[in-house]
Amino acid sequence: MPVAGGPAVSVRGLVKRFGARTAVAGLDLTVDHGSVLALLGPNGAGKTTTVEVCTGFQRADAGEVRVLGVDPAGAPDALRARIGVMPQGGGAYPGVKAGEMLRVVAACSAHPLDPDWLISVLGLESSAHTPYKRLSGGQQQRLALACALVGRPELVFLDEPTAGMDPQARRLVWDLVAALRRDGVAVLLTTHLMEEAEALADQVVIIDHGAVVAAGTPAELTSTGEEQELRFRARTGMDVSALAAALPAGYRAAETVAGRYVVRGRIDPQVLSAITGWCAGQGALADDVQVARRSLEDVFLDLTGRELRS
């Protein structure tokens, strides 16, 4: 099943309904080989449903989905052999021992990684003989990740891969995802951790109510809008209204505490030069100049709202 140079995942106009509820409403996304796409959204936004359609666990009601060049509907065996899936909830049998579970999955693969090596890399050696139901949440997540990777997949779906993990395990997973990218593997992951998306993703797609509300690289998403701030120190009591008037329309300036100023707006080299030049014209030196961009979390909350979702 050659891909013939196409993307690893191509989704166009995906619609998925459950009765009267539309879980995914005309969603588009593309995952290239050797890249990481982070799919973000509030609870119930349609992230897991999208992953389930792409992995063949659900059938689309409308739209076109191609995974490694083929329709994943029905999860054909030839496609399943080329992808790895880490679902929410682990997907392992409650009574099976961790090491046994990984070896069963490895036995279904044509050219698996060494299960013992993978158990060691993921820090599961001491729990290899522990039943799955007695593993901690973080250990269950690491076992699920091992099962997704043991078959040397070309494409990996990771649904909230670091949920329940401590910081050390989370960093290990990040390192593994980076290694997958370097090896040319495509990765589609969902996460509620904005730091994780910023650290790992080449592309970010934010969805809400089953539709895309923003897409781009982390840098593109966090550099749009007028939510940047430039902070500096200078002599107290300068006329901030005159400073704002010296800048393009829409910029705001304030002296937050004595001798500390903030300018809000889109900060680019020209604006920075205008601010420092204005200060010089007042006989003041702008010191300790800092520019803060919007975080991905700021963008996410602006687009999807700040209210709690049930």
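Q: What makes two strands count as paired?
A: Two strands pair if DSSP finds at least two bridges between them. This is a predicted model, and in it S5 (residues 83–86) and S6 pair in the parallel sense over four bridges. Within that pair, valine 85 stands opposite phenylalanine 157 in S6.

Q: What makes S6 and S7 a pair?
A: Five bridges join S6 to S7 (residues 186–190), and the two run parallel. The cut-off is at least two bridges, so S6 and S7 qualify with five. Here leucine 155 stands opposite alanine 186 in S7.

Q: Why is strand S6 called largely enclosed by the rest of the structure?
A: Five of the five residues of S6 (residues 155–159) are buried, so the strand is largely enclosed. Buried here means under 20% relative accessible area.

Q: Which residues of S6 point which way?
A: Leu155, Phe157 and Asp159 point one way, Val156 and Leu158 the other way, and all are buried. In a regular strand the side chains alternate between the two faces of the sheet.

Q: Why is histidine 209 called exposed?
A: Exposed means over 50% relative accessible area. Histidine 209 has 59%, so it counts as exposed. You'll find histidine 209 in the loop between S8 and S9.

Q: What is there to flag about the phi of histidine 209?
A: Phi is near 50° for histidine 209, a positive value in a residue other than glycine.

Q: Where is aspartate 288, and what is its phi?
A: Aspartate 288 is in strand S13 (residues 287–292). Its phi is near 55°, again a positive value in a residue other than glycine.

Q: Why is aspartate 288 called partly exposed?
A: The partly exposed class runs between under 20% (buried) and over 50% (exposed). Aspartate 288 comes in at 35% relative accessibility, so partly exposed is the label.

Q: Which residues does valine 212 touch, leaving aside its neighbours within four places in sequence?
A: Leu27, Asp28, Val205, Ile206 and Ile207 are in contact with valine 212. To count as a contact, heavy atoms must be within 4.5 Å.

Q: Why are cysteine 54 and cysteine 279 called buried?
A: The limit is under 20%. Cysteine 54 has a relative accessible area of 1%, so it is buried, and cysteine 279 has 0%, so it is buried too.

Q: How many disulfides turn up in the whole structure?
A: A search finds zero. To be one, a pair of cysteine sulfur atoms would have to be within 2.5 Å.

Q: How much of the chain counts as buried?
A: Of the 310 residues, 46% do. The chain has 11 helices and 13 strands, and it exposes about 14,800 Å², with carbon and sulfur atoms supplying 50% of that area.

Technical notes
Residues numbered from 1 in each chain as written. Predicted model: local features only at pLDDT ≥ 70, side-chain atom pairs only at ≥ 80, totals over all residues. Heavy atoms only, no water. Buried < 20%, exposed > 50% of the residue type's maximum accessible area, 1.4 Å probe, protein only. Areas by Shrake-Rupley, 256 points an atom, 1.4 Å probe, with all protein chains shown as cover.
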